[in-house]
Amino acid sequence: QRRGCLSELPEEWRVGPRRSRSPATSGPPDHTNADAPTIKLSVRLHGAMKLLPYHTMEIDVPAPIEQVVAFLRQEVEPTQWFRFSREHVSFEGHVDNSGFTISPIIRYRNSFLPVLYGRLTSQPGSTVVRVRMTLHPFAMGFLSVWFGVLTMFAVFALRFFQNSDTTTLLLALVGMGLFGVVLTLICFWIEVPMAKRLLRDALRV
């Protein structure tokens, strides 16, 4: 699976019907069938906070909410703690008529894989899918314990050690903290482009 760039900037794009060229326009003719049905997609990326493992997006799907739920259920299977088969769909989790909680199925280990929390809102002629990507609760709990332990050791060093070893210990603790932050952000953001692509494919847009 191809990976995206970590520094992807917020953007907004629409895919709509292609305009036919007028006879006076230079270049190759446009052979698009004007009578063919068109699909419009609008995706708005909100608050791309690259320093936090958090991302939101909104997709306007030109289909009723029942069909959107059916699309998603075809690409989501129940969560499995151990997966031995290589035959699977795109996501695991659960889907209902109001939203979904899913995560991509990968063939490697990544404890900081994004979890997609989606809400479905019915609109005239379409369904708005609002998605929030963040870390799994277990990953957030692990990070809380990790930084809590580092903070405890730092306070202990400042309180009971008043020699040259204190500076060395504090530098080591800061380095361990930065390592945890960098590892989390890289492992999270490298998966976000793939998760967005798989979700768009599942929604048929």
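This is a predicted model: local features need pLDDT of at least 70, side-chain atom pairs count only at pLDDT 80 or more; totals for chains, interfaces and linings use all residues.
## Fold

The protein chain holds 4 helices and 8 strands. From the N terminus on, the order is β-β-β-α-β-β-β-β-β-α-α-α. Among contacts between residues at least 6 apart in sequence, 55% join residues at least 24 apart.

## Burial and surface

The protein chain has 205 residues, and 35% of them count as buried.

## Largest pocket

The largest pocket contains about 930 Å³ of space. Its lining numbers 30 residues, and Q80, E92, S103, R109 and L113 are the closest to the centre. Two or more lining residues come from each of β5 (91–95), β6 (99–104), β7 (115–123) and α2 (137–160). β6 gives the most, with 4 residues.

By class, the lining of the largest pocket has 14 nonpolar, 11 polar and 5 charged residues.

## Second largest pocket

The second largest pocket contains about 160 Å³ of space. Residues lining this pocket include L51, L52 and P53, along with T134 and L135. M140, L143 and F147 also line the second largest pocket, as do G180, V181, T184 and L185.

Both α2 and α3 (164–189) supply at least two residues of this lining. α3 gives the most, with 4 residues. The lining of the second largest pocket divides into 9 nonpolar and 3 polar residues, with no charged ones.

Technical notes
Residues are numbered from 1 along each chain as its sequence is written. Side-chain values use heavy atoms; hydrogens and water are left out. Buried means under 20% relative accessible area, exposed over 50%, partly exposed in between (1.4 Å probe, protein chains only). Contact means heavy atoms within 4.5 Å. On a 1 Å grid over the protein atoms alone, a cavity is a set of points where a 1.4 Å probe fits but cannot get out, and a pocket is an open set with protein on both sides within 12 Å along at least five of seven lines; lining residues have an atom within 4 Å of a point. Grid points are joined across faces, edges and corners, and a volume is the space filled by probe spheres set on the points. Ala, Val, Leu, Ile, Met, Phe, Trp, Tyr, Cys and Pro count as nonpolar, Asp, Glu, Lys and Arg as charged, and the others, Gly among them, as polar.
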